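Please look at the model shown below with its ligand in view.

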Amino acid sequence: MSKTAELIIDGKSYVLPLVEGTENEVGIDISDLLEKTGTITLDLGYKNTGATKSAITFLDGDKGILRYRGYSIEELAEKSNFLEVAHLLIFGELPTQQQYNKFSHDIKTHTLVHEDIKKILDGFPSTAHPMGVLASLFCSQTAFYPESLDPNRSAEGVYLSIVRSLAKMPTFAAWAYKNAVGHPVNYPDNKLDYCARFLKMVFALPAEDYEVDPVVADALDKLLILHADHEQNCSTSTVRIVGSSKASIYSSISAGINALWGPLHGGANQEVIVMLENIKKDGGDTEKWINKAKDKNSGFRLMGFGHRVYKNFDPRAKIIKKAADDVLKKLGVNDPVLEIAQKLEEAALKDPYFVERKLYPNVDFYSGIIYRALGIPVDMFTVMFAMGRLPGWIAQWKEMRENKEPIGRPRQIYTGATLRPYTEITKR
Ligand code: MLT
């Protein structure tokens, strides 16, 4: 017999079915609660609400587990590469050599963006945050590929949109950066792999030769893998809910980019570096700032410590910490801001105050450090996160579409004024 839950409202009992996932997660199915009982559930921030059933990413916040399609993040970060992981997330399986060759060839074929994109870019002042520029350029694809607006697009049409999204993202991201620094844009060099191609578009200048450092390209590839999906986080839920209205893939993902932009979501790694720079400006006394972090009345909060869903440690942070150590060593970076970061990290990992409160350095802490060491400017950190998250957004959008999920439409408990008569303006 299938398992059920009993709900008693005003003495009346209702039986609700339980839904079990492949990793034994249990949910109470309340889809006909309103119809049966006249009540709804209230869950601010949806922290206890499963918005969908998904076969893409498994996360166990207590045990610090993260898996894409059943593969551990540790193994993928060590053995795979970003495009393979993108294929895994989007199509459900790691590609065979032949599938991989086709997928990367198709992506290379579409790296160039329409020349008119430059006109859109020119319309932005150099003060525009690259995330806003990225979201706009991404969404503009609906104008260049109007066929993507068709909600009944064929599987081949959807594949083309997916390939275009992955192919053009690094070009848009690099151009958003060039707009901010006032340099001419670079075109994609298809001789290079995904990450190297992006780095060349960001850093190359017409007046100088530029060679991509393989250490930098490898570190970036690993970072993108670690960020590629994280089940129903804020931006991913946004992509799914926008997509559920049958908006195009480009507008759904552009909405996800905007959600990621917020300092509580993707903007956190940028905040980490801002905090470290402020500590340096103040004289670099880490002891003082650690004490401030412990003092509830100081108003100061350490950025990049602890995580909403990981209660003991963030598995991505473990991998990225090692990558950060390797990159700093290999590049021989000598940066006082990074020294401050290392001291904060040491304190947080040893000091009982932080250990007891599970305030361990998270993925944002280390990604901020690596991006800084790689020479990526602070305003671009969230853009890097968006590049990494793109396969996850695509996979979740595709799953939502293939499962024919209904349009997202949460309810509310109304707390405003009850019916009152209209008052003429002269009498207010
Ligand atoms: C993420 O990777 O999306 C962030 O860690 C935020 C989250 O999962 O809520």
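His-307 is partly exposed, with a relative accessible area of 22%, where buried means under 20% relative accessible area, exposed over 50% and partly exposed in between, computed with a 1.4 Å probe on protein chains only. This is a predicted model, in which local features need pLDDT of at least 70 and side-chain atom pairs count only at pLDDT 80 or more, whereas totals for chains, interfaces and linings use all residues. Residues are numbered from 1 along each chain as its sequence is written, and side-chain values use heavy atoms, with hydrogens and water left out.

His-307 lies in the loop between helix H14 (286-294) and helix H15 (315-331); helices here are DSSP runs of H or I with at least four residues, numbered from the N terminus. Not counting residues up to four places away in sequence, His-307 touches His-230, Asp-314, Arg-316 and Tyr-360, a contact being heavy atoms within 4.5 Å. With Arg-316 there is also a side-chain to side-chain polar contact of 3.4 Å, that is, a pair of N or O atoms within 3.5 Å, of which, within protein, one must be able to donate a hydrogen and the other to accept it, while residues adjacent in sequence count only if both atoms are side-chain atoms.

The unreviewed UniProt entry places the feature "active site" at His-307 and Asp-364. Although these positions are spread over 58 residues of sequence, they cluster in space, with a largest C-alpha distance of 9.7 Å. UniProt annotations may be inferred rather than shown by experiment. Asp-364 is found in helix H18 (residues 363-373) and counts as buried at 9% relative accessibility. Leaving aside neighbours within four places in sequence, Asp-364 is in contact with Ala-268, Asn-269, Val-272 and Phe-385.

Around the ligand are His-230, Asn-233, His-265, His-307, Arg-308, Arg-316, Phe-385 and Arg-389, each with a heavy atom within 4 Å of it.

| Residue | Distance to a ligand oxygen atom |
|---|---|
| His-230 | 2.6 Å |
| His-307 | 2.7 Å |
| Arg-389 | 2.7 Å |

Taken alone, the ligand exposes 260 Å², and the protein buries 90% of that, with areas from the Shrake-Rupley method and a 1.4 Å probe.

Helix H9 (residues 194-203) is mostly covered, as eight of its ten residues are buried, including Tyr-194, Arg-197 and Phe-198. The buried residues of H9 pack against helices H3 (82-91), H4 (97-109), H8 (155-181), H10 (214-227) and H19 (381-402).

Key. Helices (H or I, at least four residues) and strands (E, at least two) are DSSP runs, numbered from the N terminus.
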